[in-house]
Amino acid sequence: FSSQGNAIHRIDNNQRKEFFGPQGDTSWRLKELRDNLTDFTHHQVDIRDRERVLDLIKTLTPEAIIHTAAQPSHDKAASIPFEDFDVNAVGTLNLLEATRQFCPDSPFIHMSTNKVYGDGPNQINHKEMDTRWDYDDPTYEKGIPESFSIDQCKHSLFGASKVAADVMVQEYGRYFDMATCCLRGGCLTGPSHSGV
């Protein structure tokens, strides 16, 4: 671990534990970060809490924001639609507006999901490889471009809440001339993940 001389501030409220139970608990990761990073500060803040988010960003005025918070489950979204939308869409809006008000020149990087494309990618021809399926169309050999339609297809409630967040990130970038981007990964996991 290394912060390479940069102060790192983390906003998290361990909501995964609330959503998924003890297996989703991320407190082990917080301890690991505290033990191994210099100049690391944790802020126990729920991104749905607009006033606390605004106050924190006003106080910190970060040089960059990497937004990775989410309610990440399609299945869970169907049983908690208000919480899903509030975390994914409204939480993103809270962070965007705080950035616009207090550090508008700071890049805002939103870790989104490929689920914003809904089931549209299922219409692309596929080919079976030795260990996985891949697109059988050279247009998509490097993945799905941002210009791929997100309209007229089926989304889960999770996908819809992430679409709302993506559109807000894009609009803040265009409307307020902020440096924003959406990275649309899929099923990201690894040793630092409290997967359930």
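**View 1. Asp-39 in the loop between H2 and strand S2.** In this predicted model, Asp-39 lies in the loop that runs between H2 and strand S2, the latter spanning residues 40–44. The phi angle of Asp-39 is near 55°, which is a positive value in a residue other than glycine. Asp-39 is partly exposed, because its relative accessible area is 49%.

**View 2. Leu-33 in helix H2.** Leu-33 has its place in helix H2, which covers residues 27–36. With a relative accessible area of 11%, Leu-33 falls under the 20% cut-off and therefore counts as buried. Between the C-alpha atoms of Leu-33 and Gly-143, which stand 110 residues apart along the chain, the separation is 32 Å.

**View 3. Thr-61 in the loop between helix H3 and strand S3.** Thr-61 is found in the loop that connects helix H3 (50–60) with strand S3 (65–67). The phi angle of Thr-61 is near 35°, again a positive value in a residue other than glycine. Thr-61 counts as partly exposed, since its relative accessibility is 41%.

**View 4. Helix H5 and its bend at Val-87.** At Val-87 the helix H5 bends by about 30°, and Val-87 is itself one of the buried residues of H5. Other buried residues in H5 include Asp-84, Asn-88, Gly-91, Leu-95 and Thr-99. An α-helix has 3.6 residues a turn, so residues three or four places apart point the same way.

**View 5. The second largest pocket.** The second largest pocket holds about 280 Å³ of space, and its lining is made up of 20 residues. Those that lie nearest the centre of this pocket are Asn-114, Lys-115, Tyr-117, Pro-121 and Ile-144. Sorted by class, the lining consists of five nonpolar, nine polar and six charged residues.

View 6. The structure holds six aromatic pairs. Tyr-175 is exposed, as its relative accessible area is 66%, whereas Phe-176, with a relative accessible area of 33%, is partly exposed. Elsewhere, ring pairs link Tyr-117, Tyr-135, Tyr-140 and Phe-148 into a cluster, and Tyr-117 is also among the residues nearest the centre of the second largest pocket.

Technical notes
Residues numbered from 1 in each chain as written. Predicted model: local features only at pLDDT ≥ 70, side-chain atom pairs only at ≥ 80, totals over all residues. Heavy atoms only, no water. 1 Å grid on protein atoms, 1.4 Å probe; cavity = no way out; pocket = protein on both sides within 12 Å on 5 of 7 lines; lining within 4 Å. Points joined across faces, edges and corners; volume = space filled by probe spheres on them. Nonpolar A, V, L, I, M, F, W, Y, C, P; charged D, E, K, R; others polar. Bend = angle between axes of the 7 residues up to and from the residue. Helix = DSSP H or I, 4+ residues; strand = E, 2+ residues; numbered from the N terminus. Buried < 20%, exposed > 50% of the residue type's maximum accessible area, 1.4 Å probe, protein only. Phe/Tyr/Trp six-rings, centres within 6.5 Å; stacked < 30°, edge-to-face > 60°.
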